[in-house]
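Here is a short note to read beside the structure. Please keep the 3D view open and find each residue as it comes up.

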Amino acid sequence: MSDYVSIKDSQAEIKRNSEERSGVEAGGADAEVTRNGGGAGDGGSPGQPGRANQSADTARTNKNIDLESMGDAGHFLTGDRNQLQYQLGEPGEEGEVEEALAQEKWPQVQCREANQAQAQSLYAEDQALEEWVASETSALPNPRWKVLNALRERQLGSSARFVYEACGARVFVQRFHLQYQLAGHNGCVNTVHFNQRGTWLATSSDDLKVILWDWVHRQPVLEFESGHRNNVFQAKFLPHCGDTILAMCGRDGQIRIAELSALPHLEITRCVAQHRGASHKLGLDPDSPFKFLTSGEDAIVFAIDLRQGRPASKVVVTREKEKRVGLYSIYVNPANNYHFAVGGRDQFVRIYDQRKINKSDNNGVLKKFCPHHLLNCDAKAYITCLVYSHNGTELLVSYNDEDIYLFNSSHGDGAQYVKRYKGHRNNATVKGVNFYGPRSEFVMSGSDCGHIFFWEKSSCQIVQYMEGDKGGTINCLEPHPYLPVMATSGLDHDAKIWVPTAKVITHLAGLKNVVKRNKRERDKDRLNHANLLGSHMLCFFMRQLTQRRQSPHSGATGIEMVETNSDESSSTSDVSEEEENQEGAQ
């Protein structure tokens, strides 16, 4: 209320002051008129000037006003004309000025249009990537394992398989975290393998050594020289042998056996077979402590029986028509030990039955699988790794610079894949792939970007990805036989142990950018028709060659020899049967 009264008072005072000023100005004007000759003596009435004086004064006043006004106007017009000329230039230059202004604006318009086009292109690329990733996927299923229910059942004694079921739980996979590293090698660690009891972990490396680890206590139990002349690609415990026999294969093509019960006193391993190219994988018979299969880049599959005086016998030479197909992977069906699958330097998965190999009937192949879009693809696709599921009903296959595919092993010859897993990159090395979980609930793979990818098998969706290797590539992933634990290895000089100890579930931050980069690089290489031994592999082999020359062990000649044999083995078919048998039998 006081504010309102003050405002009213202020307005009244302003009004009074205004009226007083008006009265003063009016009085001053009357006085001026009187001074100019408006007195009674001049014949005029008070307050009015005489007619003659008024006319003279008016003329004089108008003259003064005109002069002053002209001067001011001239000054104004002169200044305005100068400003106009400054802005527009001379009359003849108006067209040039307009053209200059247009040229000045044109780069800005071009830049704006270029930015808009780039933004639209990036948006379209993102949309295409999302559509590509989302295609052939489905919604994640509801979690099968409920932790509260499982804990309650275990406390009541009604669930004797608590740990077994927990290994396949998505919540544990999404909490995988690097627990520690096992450092003991002086080169890339090419393989990791748990024994049946899960107490030991075997690692082998480019330094030609094999180390057996008590991985829980992070202590090496045994370390010995493998006997290989070049990189040791795989070392595996034979099943049901009490962890006393370790089988190994390497770039030198040798298949060697280490009798662990005799070590470290003798420190001698023996060669039981010899491939004419590198041997990357061993196929263990899950029921036998004496028998296993080997494959090599010479396209030959050997069966090894340690009970025989001549352990190695040739099973089959993998061919497509008359051309040999070098092999990178082999796996025995855990549900049918007579069946085994191989993959290598073409796009076909081949399944054989050891009891029915007839060279005259489809080169002995029981059936072949291949993604249909790769049958006649210009960019040659190779298989770097394959593995059967826990019950042998599914076959998981990883292709070089392509995706991972799941086949139903019971389907007929030429059947199409049933699942496809996308997002990783498999180009720089012969990369592995594996199932995870007691019922093979997940698919896991390394990647050239250095990450580990986990896909939920049924939906094909990525549920976990982790930075796995500083060297840039994860090659081998091995699940523990009965615990929610995983071991990995790659270009780093150590093996890594992963356990589900993260406090929060992984939110897959940055996954989209990683997948986008992998896809873009893959498409770029595909346009250049890159193959497995392209620029990435060449750089990798050159680095290995440098390391071998710096190593005190046998050096560059072994790599060069094996590389030459590798190229020959994938394309030649003129090696006699007698030479093959002499090479293989030791």
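Predicted model: local features only at pLDDT ≥ 70, side-chain atom pairs only at ≥ 80, totals over all residues.

The points below cover a sheet, salt bridges, aromatic pairs and a surface patch.

1. Start with the open sheet of 4 strands. Its order is S20-S21-S22-S23, and the pairing is antiparallel. Strand S20 (383-388) and strand S23 (419-421) are the edge strands, as each pairs on one side only. From one strand to the next, the twist averages 20°. As background, strands of a sheet pair through backbone hydrogen bonds, either parallel or antiparallel.

2. Look at S20 and strand S21 (residues 394-399). They run antiparallel, and 5 bridges join them. Find Leu386, then look across to S21: Val397 stands opposite.

3. Salt bridges: Glu441 and Arg144. The count of salt bridges comes to 24. One of them joins the side chains of Glu441 and Arg144, at 3.1 Å from N to O. Glu441 is in the loop between strand S24 (433-436) and strand S25 (442-445), while Arg144 is in the loop between helix H3 (94-134) and H4, so this pair ties together parts 297 residues apart in sequence. Are the two partners buried or exposed? Glu441 counts as buried, at 12% relative accessibility. Arg144 is partly exposed, with a relative accessible area of 45%.

4. Salt bridges: Glu394 and Lys457. Here the closest N and O atoms are 2.8 Å apart. Glu394 lies in strand S21, and Lys457 lies in the loop between strand S26 (451-456) and strand S27 (461-467), so the bridge ties together parts 63 residues apart in sequence. Glu394 and Lys457 are both buried.

5. Salt bridges: Arg522 and Asp403. Their side chains meet at 2.7 Å, N to O. Arg522 belongs to helix H7 (residues 511-527), and Asp403 to the loop between S21 and strand S22 (404-408). The pair links distant parts of the chain, 119 residues apart. Both residues, Arg522 and Asp403, are buried. The two also belong to a network of salt bridges that links Glu136, Asp403, Arg420, Lys422 and Arg522.

6. Aromatic pairs: Phe176 and Tyr436. The structure holds 15 aromatic pairs. Why is the pair of Phe176 and Tyr436 edge-to-face? The planes of the rings stand at 75°, and planes over 60 degrees apart count as edge-to-face. The ring centres are 5.6 Å apart. Phe176 sits in the loop between helix H6 (170-173) and strand S1 (177-183), and Tyr436 in strand S24, 260 residues apart. Phe176 is buried at 5% relative accessibility, and Tyr436 is buried at 2%. Ring pairs also link Phe176, Tyr436, Phe442 and Phe454 into a cluster.

7. Aromatic pairs: Phe453 and Tyr465. These ring centres are 6.0 Å apart, and the planes are at 40°, so the pair is tilted. Phe453 lies in strand S26 and Tyr465 in strand S27, so the pair ties together parts 12 residues apart in sequence. Phe453 counts as buried, at 0% relative accessibility. Tyr465 counts as buried too, at 11%.

8. A surface patch. Which residues make the nonpolar surface patch of about 260 Å²? They are Val147, Leu148 and Leu151. Val147 is in helix H4 (residues 147-156). At 41% relative accessibility, Val147 counts as partly exposed.

How values were computed. Residues numbered from 1 in each chain as written. Heavy atoms only, no water. Patch = residues over 30% accessible without salt bridge, like charges linked within 9 Å, V, L, I, M, F, W, Y side chains within 5 Å. Areas by Shrake-Rupley, 256 points an atom, 1.4 Å probe, with all protein chains shown as cover. Salt bridge = Lys/Arg side-chain N within 4 Å of Asp/Glu carboxyl O. Helix = DSSP H or I, 4+ residues; strand = E, 2+ residues; numbered from the N terminus. Buried < 20%, exposed > 50% of the residue type's maximum accessible area, 1.4 Å probe, protein only. Pairing = 2+ DSSP bridges. Axes fitted to C-alpha atoms, helices over the stretch in contact; angles between N-to-C directions. Phe/Tyr/Trp six-rings, centres within 6.5 Å; stacked < 30°, edge-to-face > 60°.
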